[in-house]
There are 2 protein chains.
Amino acid sequence: MLGLQNIKRLLLGKPIATKHAHDERLSNVLGLAVFASDALSSVAYATEEVLLILVLAGTAAFNGLSTIAWALCGLLVIIVSSYYQTVHAYPEGGGSYSVSKANLGAGAGKIAGAALLLDYVLTVSVSVASGVSALTSAAPQLEHMKVPLAVFVVIFITYLNLRGAKESGMVFAIPTYAFIVSTLVLVVVGVVQGIGHPAVAPVITAPKGGFHEITLFFILRAFAASCTAMTGIEAVSNGTQAFRKPEAVNASKVLIQLALLLSVMFVGMSWSAQHYGIVPHEASEPGYMTVMAQLATRLYGANSLGFWITQITTFMILFLAANTSFAGFPRLASLLAKDGYLPRSLMSLGDKLVFNNGIIVLAGLSCVLIVAFGADTHNLIPLYAVGVFTAFTMSQSGMVVRWKRMGKTGLPMIINAIGAIATGVMTIVLSATKFAEGAWVTIFAVIGVILFFNWSSRHYRYLATQLSVDEDDTLPEVKTMVILLVPRMHKGILRAIAYAKSLSQDCRAVHVTLDPSGVQHVKEDWIKFGSDIPLVILESPYRSLVEPLVEYIDETIAIEPGMMVTVIVPQAIPKYPWHRILHNNAAVPFLRALGGRRNVVVTNVRYFLK
Amino acid sequence: MLGLQNIKRLLLGKPIATKHAHDERLSNVLGLAVFASDALSSVAYATEEVLLILVLAGTAAFNGLSTIAWALCGLLVIIVSSYYQTVHAYPEGGGSYSVSKANLGAGAGKIAGAALLLDYVLTVSVSVASGVSALTSAAPQLEHMKVPLAVFVVIFITYLNLRGAKESGMVFAIPTYAFIVSTLVLVVVGVVQGIGHPAVAPVITAPKGGFHEITLFFILRAFAASCTAMTGIEAVSNGTQAFRKPEAVNASKVLIQLALLLSVMFVGMSWSAQHYGIVPHEASEPGYMTVMAQLATRLYGANSLGFWITQITTFMILFLAANTSFAGFPRLASLLAKDGYLPRSLMSLGDKLVFNNGIIVLAGLSCVLIVAFGADTHNLIPLYAVGVFTAFTMSQSGMVVRWKRMGKTGLPMIINAIGAIATGVMTIVLSATKFAEGAWVTIFAVIGVILFFNWSSRHYRYLATQLSVDEDDTLPEVKTMVILLVPRMHKGILRAIAYAKSLSQDCRAVHVTLDPSGVQHVKEDWIKFGSDIPLVILESPYRSLVEPLVEYIDETIAIEPGMMVTVIVPQAIPKYPWHRILHNNAAVPFLRALGGRRNVVVTNVRYFLK
């Protein structure tokens, strides 16, 4: 463990003292970079997702793109207004999970929590897959490397996040703003150039079996696809506590800025794609280019500087979008762990003031999804939005209940009610339209996670009952015997001998020998330094160090069952971490071999090598 | 650690008690299966390797195949005679490494040891890659899955070996004998059918730049390629100790059986391939078939039962060939570790009486090679034979020196001298003819491993000097203070309290609180059960459990620098291993945070949950 720890230090730098925790709060400029990149980056794939549906029904449907974009803006206004209330009502953060739990009860909280956990994982997978597509659109020779590239990107983000929150903010500010500027420029150029010229008719090849009819279900499907643009909007309210004081005011400012930026970008992008007749490619096509890359090619020219800037900033914002989850997932997991729904090891702060265990779990799960879905954004998307909208619905319903309970049935409650109804309807629409394409995976996964929550909390509750002290519990009487494991006499164990003697009158030193001819030497050395501790020599004809010792201990316990046997194992700690491979800690196999023996305590006394 | 351990138990079964170590010896029938599969299986690729050279020079060269096979048999007789001497001279096993070290000195021992370690790794990589080719020759739809398939096979062999040596023998006996039978049948059918009919002329397309001239170097190159058939022949003498008593007699019997089988198979296979004009494919060709698969198709018909039996038994023997290394590598690594050349953790027996750490290192390295070389046998082969022949040469030179020293300059010495010269010449030929194709990798790797040996033995020697006790070393005076970490009062820690009191008069209990409102409750509980141990409450405003405790310990040590502080951390041990993810051991982060503090001992007192 210590070897790993030193490698970690080398890679990640010195741990931050907890005293400095307050300095780690994010300014609004950094906060936007950290929490808004997810929502903004969805511009890179949302338009494409809508178009992939629309083209199934030919040119007339294709020209509905802008309308859908505007409709989405309407929904965005509803959701942001609703979250604005939430941020002010819950400045301590926690978002959908806290709100649902507090107002709708534990069951709703668990649904929201499970949905959000999955969303964080999917945010990483989708964003990284989409970011890598932005890259391969510009460099098609990397196309066959998509999966390893995506996994590499996840590992790199994990590394950055293990270094700590503040550095994350700094690293992420510049690319976020670069993307905002480059996308606004793209949109403005598109609109300005486009307005003077007539729209280009798209060239759409009919799918097998002819064009789809434009039914209500079809329109809903297209609108559902646009909802991917909305993912990430909840990140701000989950992370309110990461902002400087007053947290609610700062967080809600960032929320509104984010909504404005998102609307302008998404509507502008959709209008331009429609105006220039840009038809999406299948991801499996050789020479696949994203819709955004096609638009940039159209406006700036193939492989022009503007095109490259667009692709690189898109890659970078998507990289950062994945990072949003690395801020949010561990925080949520920690909240859930506090409530007993997740293992306690996810609860505590790591030594870099971020939640290390949560980060590692998130990275692992998202890599699994990336590999399983071949880093294809379009395959991953159907899994994505259902969870987001489930959490939205829970959160806003919770707010409605809250206002009612407080007797405040005015505008805020109406806003939240509208939000709850709108997102609730969309959750149903999303589940229905995307069920077969992959939403079923999410639905089953949410159920699976909730079952895990229940299992975990049942275990912790059972523990509490099992371990609670009764009136008639008393302190047991314990006698201690010390067994010191002696390899051969050397300087490192002198201190261990002295320590053993200080613990108990009843001390024995045990030497396990593989080679009986060396025993005499060990005995002589022992008499010189071992003072009055008796030395026991155990022979091991079959070359195991562990087995004879375990037998010896078992015999000892059999004689005095009330005895606690403390086994002291001297452990060498080398000066350099890379020397550790040359030193094994005998306590480890020993502790394993002892298994469930209740009366044995194994202790390492460390000695430090120069 | 214990969690992993339990999973291991589930997967690998109960550990074997050391008392049963003698029962694990192999009978000759099992010994042939375990140690000879490597050498025998090389028939599956050796003919192909020779042909890949010969076809470069057209039909005339192609017809030299049988001649080369017979020449190889001559070399085989020399080498086996030589190893026959070795097995009898060194019944305790160890092969080239022991022989070189004992007779030629540490330097030669290290060269032989490094060469053999690499060979074991390459045996796994080459055999598995070749086995997977046998499979994909029959099932071409699996062709693009070669690398993952090969990695999976390595993992599976690793699993089998972690279960123990005897089971390995049982699992491996049937397939080895199935291969022997099926290959002998193939060869007999080939020869019998062939003798009555004229030879088929091979259809060889000239390489770019025309056919190669048949120079002496070219002939040596082809002969060098045939030497891959010889790999694995040393496994028996390295593993003599795995045989039943009298080990030398049994091992040498198996060695001779092996040489006979190998000769018959290789000569028969080569004669048939030549007679039927079978030209090898490039591995990158779609629909690639091994030479053996082509021969089986020719003799039995495409996709016939005979063809499938040949392919499956070939796959299985190659699978087992990889297993040879899993028997040999850990044994050799253990010998090297005993001499201080490798980490001591490779020295000891695992609890299944096999060398677990060595097995895992071997599996890891061979997977790296498989992935790096795309599971292509022909790419891996050039790395392979140089190491084998280096070890041969070292071993036989060592034997010559041994006879000389013993004054026995008769036939055995002459046999070993011929062996040493023949293999020495072949080592030079192999290095020269295959240098650019990949032998350079082996040469550099051997040098790298030797440098590691030196670094390791230097470190252990330095340690021995640094730690050796002097006349003026005395036992230090040590006072012990006990700090008991108290989460909240529960049944599990009652025993820990009693244990703490038994260790020292100077005991304190420390409770770190994240939530000051709960402190009163902890205090009340403490008074009820804590008896006379004072309770210290440490507040942790920034939510770290570890930091306040480390500060407290630092303050304590500062007051009394001679004090040993024993920190007792109660640890819950759940009944079922899968519950472990819900329990984290507070001692682990704590031990990390304490880093290099010399005066602190951290001890877990375990309590077992029902």
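Q: In this predicted model, how closely do the axes of helix 7 and helix 17 of chain B come, and at what angle do they cross?
A: The axes of helix 7 (residues 106-138) of chain B and helix 17 (residues 411-467) of chain B come within 9 Å, and they cross at roughly 120°. That angle makes helix 7 of chain B oblique to helix 17 of chain B, because the range counted as roughly perpendicular runs from 65 to 115 degrees and the roughly antiparallel class begins over 145.

Q: Is the crossing of helix 7 of chain B past helix 17 of chain B left-handed or right-handed?
A: Helix 7 of chain B passes helix 17 of chain B in a right-handed crossing.

Q: Which residues meet where helix 7 of chain B touches helix 17 of chain B?
A: From helix 7 of chain B come Lys110(B), Ile111(B), Ala114(B), Ala115(B), Leu117(B) and Leu118(B), and these meet Thr442(B), Ala445(B), Val446(B), Val449(B), Ile450(B) and Phe453(B) in helix 17 of chain B. Sorted by class, this contact has 10 nonpolar residues, one polar and one charged.

Q: Taking Leu118(B) as an example, is this residue buried or exposed?
A: Burial is judged here by counting C-beta neighbours, with 20 or more inside 10 Å as the cut-off for a buried residue. Leu118(B), which is found in helix 7 of chain B, has 25 such neighbours inside 10 Å and therefore counts as buried.

Q: What is Leu118(B) in contact with, once its neighbours within four places in sequence are left aside?
A: The contacts of Leu118(B) are then Gly387(B), Thr442(B), Ala445(B), Val446(B) and Val449(B).

Q: How many residues does the contact take from each chain, and which element of chain A supplies the largest share of its side?
A: The contact takes 60 residues from chain A and 59 residues from chain B. Among the elements of chain A that each supply at least two residues are helix 1 (2-12), helix 17 (411-467) and strand 5 (600-608), while the largest share, nine residues, comes from helix 18 of chain A. The residues on the side of chain A that touches chain B divide into 31 nonpolar, 18 polar and 11 charged.

Note on methods:
Residues numbered from 1 in each chain as written. Chains lettered and ligands numbered in written order. Predicted model: local features only at pLDDT ≥ 70, side-chain atom pairs only at ≥ 80, totals over all residues. Axes fitted to C-alpha atoms, helices over the stretch in contact; angles between N-to-C directions. Helix = DSSP H or I, 4+ residues; strand = E, 2+ residues; numbered from the N terminus. Parallel < 35°, antiparallel > 145°, perpendicular 65-115°, else oblique. Left-handed = near helix turned anticlockwise from the far one by under 90°. Contact = placed C-beta atoms within 7 Å. Nonpolar A, V, L, I, M, F, W, Y, C, P; charged D, E, K, R; others polar. Buried ≥ 20, exposed ≤ 12 C-beta atoms within 10 Å, placed from the backbone.
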